[in-house]
Amino acid sequence: MSRIFSGVQPSGNLHLGNYLGAIRNFVGLQDDYECIYCAVDMHAITVWQEPEQLRKNIREVASAYLAAGVDPKKSIIFAQSSVHAHAELAWIFNCVARIGWLNRMTQFKEKAGKNRENASLGLYAYPSLMAADILTYKATHVPVGEDQKQHLELTRDIAQKFNNDYETDLFPLVEPIIMGEATRVMSLRDGSKKMSKSDPSDYSRIVLTDGKDDIARKLKKARTDADPLPEKVEGLEERPEAANLVGIYAALAGMTKAEVLQEYSGAQFSTFKPALTDLAVEKFGPVGEEMKRLMADPGYVDSVLKDGAVRAAEIANPIVREVKETVGFLLP
Ligand code: AQP
C-alpha cells in the first residue's frame with residue numbers, strides 16, 4: 001500500500017484554505033493509503049511562537065484532523081517534535097540540499113520579506129525539514145495545497161541527489177496530490193494574496209472555529225467587484241475576488257465552478273454572498289463545533305498524539321537507521 005504523509009503548522013488561525021486545500025482531503029485518502037498526518041510544530045517555530053499558545057495550537061491541529069473525519073485508529077496523528085527521526089534526517093538533508101536550490105524558494109522570500117537578514121536560519125532551511133518529514137516514512141504521496149508544490153519538487157531533488165550520491169534507491173520520488181476546486185484559496189480582502197494564518201487582518205480569512213455570525217460578517221465584507229456573476233468560467237479570468245468566492249462555493253458544495261455559474265450566472269453578490277454563507281455554515285459549522293468540543297478535552301487529544309507518536313516512530317526509526325548506515329555513520 002502506498003504511504004501518505006502530510007502536515008499542518010500549529011501556528012494558530014487554521015482557516016478555510018487549510019481545510020479545503022489540505023485537511024478535508026486527508027479523510028478520503030484513508031481508504032486507499034496508509035496515512036500519516038502531523039502537526040508540524042518544528043516548522044511552526046521557524047517564526048516566533050508563544051510556548052503556551054503553541055501547545056494549544058498543536059492540539060488545535062490534531063482536533064481539526066479528528067473533527068474533519070481522520071480516524072486515529074486507521075491513520076497516524078502525531079506532533080513532529082515527538083519523533084526525533086525528523087530532526088536527524090533534516091540535518092543529513094541540510095548537507096545534501098544546495099544553497100542555490102533553497103535560494104529559489106518563493107515561500108522563504110515571501111515570509112522573510114524585506115528583512116531577510118533577520119529571518120531565522122530555520123525558516124530558510126524549512127524545505128529541507130519538510131523533505132525529511134516526508135522521506136523519513138518513505139512516503140510516496142503528499143496531499144497539499146498548491147502553495148507547497150515548489151517544496152515538494154525540492155523534496156524530489158533531495159531524494160534524487162541522495163540516491164545518486166550514495167548509489168542507492170533508498171528514497172522514493174514523492175508525488176503531490178492537489179485535489180478539488182480550491183487548491184489555492186485567496187484572501188477575502190485581496191484576491192491576489194493567498195488566505196493565510198499570518199495575515200494581520202482577521203477579515204482576510206474564515207477560521208475553522210468561526211460561528212455563523214463571524215462567517216456572515218466576513219463574507220459580507222469580502223472584497224468583490226460590481227459586476228454580476230458571469231455565465232462561463234472564462235468570465236472569471238480578470239476577476240480574482242469573484243473567482244475566489246465561486247471556487248470556495250464549488251469546493252464546499254462538491255460542484256465544479258462551471259456548475260456553480262450555471263446556477264448563479266447573472267446573480268449579484270448581494271444574492272451570492274448569503275448563499276455562500278449558508279453553505280459555509282452548513283458544511284463547515286459542524287467541523288468547527290466538533291473541534292471546539294475536542295479542544296475542551298485535551299486529555300483525549302493528547303492520548304491520540306501519544307499513540308500516534310509511538311506508531312510513527314516505529315516506521316521512521318528503522319528508515320533513519322538505514323540512512324545513517326548508508327551515509328557511513330557507525331551504528332551503536
Ligand atoms: N490559501 C490556501 N489555499 C489552499 N491550501 C492552503 N494551504 C495553506 N494555505 C492555503 C495548505 O494548508 C496546508 C497547511 O499549511 P501550513 O500550515 O503548512 O502553512 P502554509 O502553507 O504556510 O499556510 P498558511 O496557512 O498561509 O500559514 P502561514 O500564514 O503561517 O504561512 C498545506 O498543505 C498548504 O498547502
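**Exercise 1. Find which residues line the second largest pocket, then work out which element gives the most to it.**

*Solution.* Step 1: in this predicted model, the lining of the second largest pocket is made of W91, N94, A97, R98, I99, L102, L121, G122, Y124 and A125.

Step 1: pick the main contributor. With four residues, α7 gives the most.

Step 2: The space inside comes to about 210 Å³.

**Exercise 2. Describe the largest pocket: its volume, its centre and its lining.**

*Solution.* Step 1: start with the volume, which is about 1,200 Å³.

Step 1: look towards the centre. The lining has 47 residues, and Q107, K111, D147, Q148 and K194 are the closest to the centre.

Step 2: trace the elements. At least two lining residues come from each of β1 (3-8), α1 (16-29), α6 (106-112), α7 (121-135), β4 (141-143) and α8 (149-165).

Step 3: sort again. This lining holds 17 nonpolar, 20 polar and ten charged residues.

**Exercise 3. Locate K197 and decide whether it is buried or exposed, and what its side chain reaches.**

*Solution.* Step 1: go to the loop between β5 (175-177) and α9 (212-221), where K197 lies.

Step 1: check its surroundings. K197 is buried.

Step 2: look for a partner of opposite charge. The nearest such side chain, D147, is 8.2 Å away. A salt bridge needs atoms within 4 Å, and K197 has none.

Step 3: The side chain of K197 reaches the backbone oxygen of Q9 at 3.4 Å.

Note on methods
Residues are numbered from 1 along each chain as its sequence is written. This is a predicted model: local features need pLDDT of at least 70, side-chain atom pairs count only at pLDDT 80 or more; totals for chains, interfaces and linings use all residues. Side-chain values use heavy atoms; hydrogens and water are left out. On a 1 Å grid over the protein atoms alone, a cavity is a set of points where a 1.4 Å probe fits but cannot get out, and a pocket is an open set with protein on both sides within 12 Å along at least five of seven lines; lining residues have an atom within 4 Å of a point. Grid points are joined across faces, edges and corners, and a volume is the space filled by probe spheres set on the points. Ala, Val, Leu, Ile, Met, Phe, Trp, Tyr, Cys and Pro count as nonpolar, Asp, Glu, Lys and Arg as charged, and the others, Gly among them, as polar. Buried means under 20% relative accessible area, exposed over 50%, partly exposed in between (1.4 Å probe, protein chains only). Lys and Arg count as positive and Asp and Glu as negative; His and the chain ends are not counted. A polar contact is a pair of N or O atoms within 3.5 Å; within protein, one must be able to donate a hydrogen and the other to accept it, and residues adjacent in sequence count only if both atoms are side-chain atoms.
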